[in-house]
Protein chains: 2
Amino acid sequence: MAFTTNATIASFGGKLFKLSHQSTTTGTPMAVNLYLPPQALANPTSPTKVPVLIYLSGLTCTPENCSEKGFFQHRASQVGLAVVYPDTSPRGLNLPGETASWDFGAGAGFYVDATRAPWSAGYRMESYVARELPAALFGDPEYGRYLDGARVSITGHSMGGHGALTLYLKNEGLYKSVSAFAPIANPVNCPWGQKAFAGYFGEEDKEEWKRHDATELVKGWKGKDLKALVDVGTADNFYKQGQLLPENFEKAAKEAGVTGLTVRYQEGYDHSYYFMATFSDEHVDHAAKHLGLL
Amino acid sequence: MAFTTNATIASFGGKLFKLSHQSTTTGTPMAVNLYLPPQALANPTSPTKVPVLIYLSGLTCTPENCSEKGFFQHRASQVGLAVVYPDTSPRGLNLPGETASWDFGAGAGFYVDATRAPWSAGYRMESYVARELPAALFGDPEYGRYLDGARVSITGHSMGGHGALTLYLKNEGLYKSVSAFAPIANPVNCPWGQKAFAGYFGEEDKEEWKRHDATELVKGWKGKDLKALVDVGTADNFYKQGQLLPENFEKAAKEAGVTGLTVRYQEGYDHSYYFMATFSDEHVDHAAKHLGLL
């Protein structure tokens, strides 16, 4: 389905497009922001296709938060990388309890396809982010001509870090690299993940839970070099409360003989966009390197 | 009065402090954010005093908006500059009509000392920003030791651009340079300024109005080199609606023989923080140059 352009905003020499489209996966209109760097826009009649970084947001966020506060456009404009900011859930399905919690339902889709009613109706953010959205964007007559759908990397924050790591591990070859800020790295063992997975998959089927857990997935990962960068702030209260558990992910990767994982503990940084803005240049560079831009 | 530290947030290698203090000028508690770059914090027992950039926000804003979305910290952390983000008005005076408009009263103090009741009671943001706040910060036992009160520049956005330009022109020598994003550069001739000045000074005393108008002030400016950088986006709706009038300011400066004013019209940029974030590095550099850092 074609995209509606709701706003076009100049940013760091490129343009941020606030888009929406009707999703067949979620059954709702979906908002998404797309940043095109100046390199893509330099020759509008015959554009240079640029590689793409998909950024997955955390709990409660929309495409706006990171577009405004993450600072990814700063470095993306320099290296020539497009950035896609999807939403974090369907909006407006009006399911019972959909907006009752900030960490489940609206704004908290967890990048999984729910199997349990009523959520299975439209809470299918895994299929939306990994398949429908890129197919729609890369095939779009207006925006697809700027985007190289064969060169895509993925990143994300918190719940979106979980999304980035799991979609990367589940879809080998789909993304050229992965990075994450403060990811929920072992959701089956933390309160946020347990609440979400119980809701979306039911309490019983713990094997299904594991299929959406980065720490479980990395144990069976078939690749060699993970091409993964993870940053976690040591003053992050959610880290301290055991919601993120990056050590479990590191340990599982190490025990599985997986190489190419860098986890950095950033002294004094919290869970906020101030943390991400500080290191987003480096995450863009990580993707750019694996996308052939650096 | 001492500052209360409500939050300390790591940002670009330095720290952002969310402060509040009781102001004798406004008669209210005032919020202010202070960014200290890593250079200031490198040696806590005997800190290096760094110069200071005061950033004045636009209509409706608090100290948070630009701290989160302006990205001044990015370049300030590199050159070694502190940034101070004051609020835009007193809060909580409970004057009649104080919160009725988004462009007058709360969030819209216009960096003037009101002469008309009831606003004269506490809407004295000129005295607060130019005198009380710097005196309090630079003399503060905790934060003053990081700040070089003899090396201060000023900048701002929209209403804050008006504030920066007028405080700079009124207080020769107090600031080493000035810059502005999309400033309300001739408020006596635009709807925002006319509404605010009628409210704060009364309809009649047009001479008082002119004492707070950058275009009027620059006509009588006694200095030689203005050391001023102004950016305006050509897609800024408020610019197109005649709220900013930067051409009037340019013309007045030129006719008065004032040199050292650079006004840039940035193609396609709007009035938002996306615009500011794109050029804030350059505004930090402008200040840094005049503060002896570059």
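In this predicted model, A:His271 sits in the loop that links strand S9 (259-266) to helix H11 (273-290) of chain A. With a relative accessible area of 13%, A:His271 falls under the 20% cut-off, so it counts as buried. Setting aside neighbours within four places in sequence, its contacts are A:His157, A:Ser158, A:Ala182, A:Trp192, A:Asp236, A:Phe238 and A:Leu244.

As for A:Asp236, its place is the loop between strand S8 (225-233) and helix H9 (237-240) of chain A. A:Asp236 has 0% relative accessibility and so is buried. Beyond residues up to four places away in sequence, A:Asp236 touches A:Ala182, A:Leu244, A:Tyr269, A:Asp270 and A:His271.

Then there is helix H4 (residues 125-138) of chain A, whose 14 residues reach 18 Å from first C-alpha to last, close to the expected 20 Å. H4(A) does have a kink, though, of about 35° at A:Glu132, shortly before the proline A:Pro134. Since 11 of its 14 residues are buried, H4(A) is largely enclosed by the rest of the structure. Both A:Glu132 and A:Pro134 are among the buried ones, along with A:Tyr128, A:Leu133 and others. The buried residues of H4(A) pack against strands S2 (14-22), S3 (29-36), S4 (50-56), S5 (82-86) and S6 (147-156), and also against helix H5 (159-170), of chain A.

Definitions and conventions: Residues are numbered from 1 along each chain as its sequence is written. Chains are lettered from A and ligands numbered from 1 in the order in which they are written. This is a predicted model: local features need pLDDT of at least 70, side-chain atom pairs count only at pLDDT 80 or more; totals for chains, interfaces and linings use all residues. Side-chain values use heavy atoms; hydrogens and water are left out. Helices (H or I, at least four residues) and strands (E, at least two) are DSSP runs, numbered from the N terminus. The expected span of a helix is 1.5 Å times one less than its number of residues. The bend at a residue is the angle between axes fitted to the seven residues ending there and the seven starting there. Buried means under 20% relative accessible area, exposed over 50%, partly exposed in between (1.4 Å probe, protein chains only). Contact means heavy atoms within 4.5 Å.
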